[in-house]
Amino acid sequence: MKTYRIAVIPGDGIGPEVINEGVKVLNKIAELDSSFEFDFTYFPWGCEFYTKHGKMMDDDGIDQLKDFAAIYLGAVGFPGVPDHISLWDLLLVIRKSFDQYVNLRPVQLLHGAHSALANVKNDEIDMLFIRENTEGEYAGAGDWLFKGQDNEVVLQNAVFSRKGTERIIRYAFEVAKREGKTLTSISKANALNYSMVFWDEVFEEVSLDYPEVKTASYLVDAAAMLMITDPKRFEIIVTSNLFGDILTDVGAAIAGGIGLAAGANINPERRYPSMFEPVHGSAPDIAGKGLSNPLATIWSASQMLDFFGYKEYGKAIASGIEELLSTKEFLTPDMGGTATTSEVGEKMVEILTSQIKRKVLG
Ligand code: ATP
């Protein structure tokens with residue numbers, strides 16, 4: 001039997017609650033399959049850890065994580081701990097140290113999910129964002145000069161290396177080619193006259209190797225508008241770190257809300273563990289009350305299963321979420337229901353069990 005060792009970082013706020021439900025789902029699938037199992041190791045890192053120890057993770061945290069098959073992360077963030085600390089000292093350290101340069105964020109309107117757009121059909125919102133995840137605007141390069149003085153200056157530099165730009169664009173072309181879909185590049189070459197002119201050039205260069213892939217290029221401002229006015233024109237999308245971060249929140253709004261948005265941070269070469277997480281944060285306002293929606297975290301578990309090669313189970317989770325949404329009985333308050341976090345998780349386990357058994361039996 002194959003064992004996948006998973007590092008679990010539940011984090012803060014609603015992180016532990018939603019992760020619990022994701023772990024339940026993963027364990028159930030492994031139990032039903034019986035050819036593999038999960039071995040979960042929990043790490044107490046995050047903002048609460050920071051308030052006790054003055055750091056977001058152990059000094060040798062990266063070393064402790066490096067041999068796991070994957071990392072499953074809830075959410076980090078807590079009032080009183082500045083966001084740039086929680087982001088830079090945990091999440092970004094992991095993404096950069098493990099060269100998780102691909103951030104996959106599906107924006108797909110599942111049946112039964114509520115879109116912020118009126119009169120939109122489910123098949124009109126079915127996109128996959130492929131966001132550059134290790135450099136760009138989040139490279140952390142810059143300076144803060146003459147702090148507090150009249151001549152104070154801050155510099156925040158975006159970093160676009162040829163290697164970093166080319167590999168994310170190539171990855172996106174490979175996905176588009178494999179799936180027979182169009183590829184849209186989103187940039188901003190009119191205003192960002194170095195970085196985004198370069199991005200567009202690299203996109204053009206790489207496209208020559210993929211004549212079968214139909215492409216489009218948009219400025220980020222136009223893309224934000226078109227995602228709302230004409231979402232069906234987007235299939236696979238490749239974009240930079242910042243633009244991808246912002247546009248996928250637009251994506252969450254049109255595809256069922258933040259409670260349904262999942263993300264995978266992938267090291268495609270598999271030299272290091274990849275990390276799977278919901279897009280939402282720690283939501284301290286609703287933490288500990290059983291109100292949080294675990295579906296984004298469960299969806300990210302399906303991305304983990306896809307990554308391990310169990311595509312049929314990844315699909316089963318997505319269709320299980322659709323089944324759950326369509327019954328309307330087992331929804332958390334953010335989706336207009338009255339179910340608790342764990343009731344949603346239990347229901348998902350029940351739906352998946354009957355789906356998988358049905359398949360196995362014929
Ligand atoms: P952080 O500071 O960690 O990013 P946050 O709460 O500021 O956390 P978001 O995750 O964007 O950031 O959450 C914004 C609001 O959306 C939350 O305060 C909460 O009310 C709601 N929310 C977020 N995630 C969920 C969820 N999984 N289930 C239900 N409501 C959620």
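Predicted model: local features only at pLDDT ≥ 70, side-chain atom pairs only at ≥ 80, totals over all residues.

Student: Which helix is Ala224 in, and which residues does Ala224 touch?

Tutor: Ala224 sits in helix α7. Leaving out residues up to four places away in sequence, the contacts of Ala224 are Leu247 and Val250.

Student: How far is Ala224 from Gly314 in space?

Tutor: Along the sequence these two are 90 residues apart. From C-alpha to C-alpha, Ala224 and Gly314 are separated by 29 Å.

Student: Back to the helix, then. At what angle do α7 and α8 pack, and how are they described relative to each other?

Tutor: Packed helices are described by an angle between axes plus a distance between axes. Here the axes of α7 (residues 220–229) and α8 are 10 Å apart, and the angle is about 10°. Angles under 35 degrees count as roughly parallel. That is why α7 and α8 are called roughly parallel.

Student: Which residues of α8 make that contact, and how many of the contact residues are charged?

Tutor: On the α7 side you have Val220, Ala223, Ala224, Met227 and Ile228, and on the α8 side Phe243, Leu247, Val250, Gly251 and Ile254. Sorted by class, the contact has nine nonpolar residues and one polar residue, and the charged count is no residues.

Student: What strands does α8 lie across, and at what angle does α8 run to β5?

Tutor: Helix α8 (residues 241–254) lies across β4, β5, β8 and β10. Relative to β5, α8 runs at about 155°.

Student: Let's look at the sheet itself. How many strands does the open sheet have, and in what order?

Tutor: The sheet is open, its pairing is mixed, and it has ten strands. Their order is β2-β1-β3-β12-β11-β4-β5-β10-β8-β9.

Student: Which strands stand at the edges, and what is the average twist?

Tutor: An edge strand has a single partner, so one side of it is left without a neighbour in the sheet. That applies to β2 (36–42) and β9 (215–219). From one strand to the next, the twist averages 25°.

Student: How many residues are buried in β5, and how many in β7?

Tutor: β5 is mostly covered, with six of its seven residues buried. β7 (residues 153–159) lies largely in the open, because of its seven residues the number buried is zero.

Student: What is the strand that pairs with β7, and which residue is the partner of Trp144?

Tutor: β7 pairs with β6 (residues 136–145) over six bridges, in the antiparallel sense. Trp144 has as its bridge partner in β7 Val154.

Student: Is Ile168 buried or exposed?

Tutor: Ile168 is in helix α5 (residues 162–179). Residues up to four places away aside, Ile168 touches Tyr101, Val102, Ile130, Glu132 and Val238. There are 28 C-beta neighbours inside 10 Å, so Ile168 counts as buried.

Student: What are the phi values of Phe146 and Arg270?

Tutor: Most residues other than glycine have a negative phi. Phe146 is in the loop between β6 and β7, and Arg270 is in the loop between β11 and β12. Both have positive values: phi is near 50° for Phe146 and near 60° for Arg270.

Student: Last one: which residues come nearest to the ligand?

Tutor: By class, the shell around the ligand has seven nonpolar, eight polar and three charged residues. Of the 18 residues around the ligand, those that come nearest are Gly77, His280, Gly281, Ser282 and Asn293.

Note on methods. Residues numbered from 1 in each chain as written. Pairing = 2+ DSSP bridges. Helix = DSSP H or I, 4+ residues; strand = E, 2+ residues; numbered from the N terminus. Axes fitted to C-alpha atoms, helices over the stretch in contact; angles between N-to-C directions. Contact = placed C-beta atoms within 7 Å. Parallel < 35°, antiparallel > 145°, perpendicular 65-115°, else oblique. Nonpolar A, V, L, I, M, F, W, Y, C, P; charged D, E, K, R; others polar. Buried ≥ 20, exposed ≤ 12 C-beta atoms within 10 Å, placed from the backbone. Near = placed C-beta within 6 Å.
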